[in-house]
Amino acid sequence: MTAPSVPPLRSRRRIWIAAGSVSGIIAATTMVAAVGLGEEEPRKTRNTGISGKAAAPRITLPKVDWKLSWRDEFNGRGKPSSAWTALTGNGVRGWGHQARQYYVPEASRQNGRGQLVIAARKTPASSKLKCWNGRCGYTSGRIQTIGKFEQRYGRFAVRAKLPTGSGMWPAFWMQKRGKPYGEIDVVEISGKYPKLVQGFAHANRRVGAGHLKLRKPVSAEYHTYGVDWTPWRIVWWMDGKPYAQMKAYKGWPFDKPFYLILNLQVGNNWPGKPDRTTRFPAYMSVDWVRVYRA
């Protein structure tokens, strides 16, 4: 099959990209080879220097007996549980992304039917909310567990229905505190690519990434998105099917506890600006978030 057209990665050094469908995977390998079937101990691999299309490495989930360590089923009503902190504002230069929304706590609510809903809305012309580029045209929500729950290694999963459309950027992701920088994006969607599931791992001057092409837009139904993170690799999966991985390397920052983030960003040069086809309000509906330990 032909690899789908994908949005450009953010300007950091690329480690490797995998692309495929639920029924098959095509990989383009630039630096890191996939680990062997069921292998969790590190082993030396040879840099083949392959560029362009290559035979797909067989990606498997780690053979780990996972035990539930933390969860939020969103069975309440109103504001999120005390496990989360809601952010307010537009950050420094749009949270570093030139984002066009202003985060407000009331945009993230439990609906009383078992879901957390993050809503992105247009602001009225009378709004005085200020963004980095002037009056904020949108409000949305971001909640996180920093200082309340953090974990090193494990299975991190979310069941959600994600919005699409130009300018929509829903995500479930994790960050570590302090330096060196580390970020694991369990799932994020550039709304102008509605059938493309993407996962990333960011570190200083490095990025690992993978994507999965679906037959239907992600907004059509709920899916379960996750990563299995061990000392030796990070594996991205959707509905139990692995589609990308990143192997540990010398000095990688993915060896400290990370906290969880749910947010719906509006706009920047990656998902693009909302246009006349983008529907508002836009809703990111989260059924649950669950975390497991080995």
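Guide: A disulfide is here a pair of cysteine sulfur atoms within 2.5 Å. By this rule, the predicted model has one disulfide. Its partners are Cys-131 and Cys-136, with sulfur atoms 1.7 Å apart. That separation is under the cut-off, so the pair counts as a disulfide. The link is right-handed, with 110 degrees about the S-S bond. Cys-131 and Cys-136 are both buried. In general, a disulfide is a covalent bond between the sulfur atoms of two cysteines.

Other parts of the chain can be described in the same terms. The largest nonpolar core holds 50 residues, and Val-197, Phe-254, Leu-260 and Leu-262 have the most contacts inside it.

Next come the strands. Strand β18 spans residues 196–203 and runs antiparallel to β19, with eight bridges joining the two. One of the paired positions is Leu-196, whose bridge partner in β19 is Lys-213. Two residues lie between the strands of this hairpin, where Arg-205 takes a positive phi near 65 degrees. Strand β19, residues 206–213, is mostly covered, with six of its eight residues buried.

Strand β22, residues 241–247, contains Gln-245. Gln-245 counts as buried because its relative accessibility is 2%, and its side chain makes a polar contact of 2.9 Å with the side chain of Arg-233.

Conventions:
Residues numbered from 1 in each chain as written. Predicted model: local features only at pLDDT ≥ 70, side-chain atom pairs only at ≥ 80, totals over all residues. Heavy atoms only, no water. Core = buried A, V, L, I, M, F, W, Y, C linked by side-chain atoms within 4.5 Å. Buried < 20%, exposed > 50% of the residue type's maximum accessible area, 1.4 Å probe, protein only. Helix = DSSP H or I, 4+ residues; strand = E, 2+ residues; numbered from the N terminus. Polar contact = N/O pair within 3.5 Å; in protein donor to acceptor, adjacent residues only side chain to side chain. Pairing = 2+ DSSP bridges.
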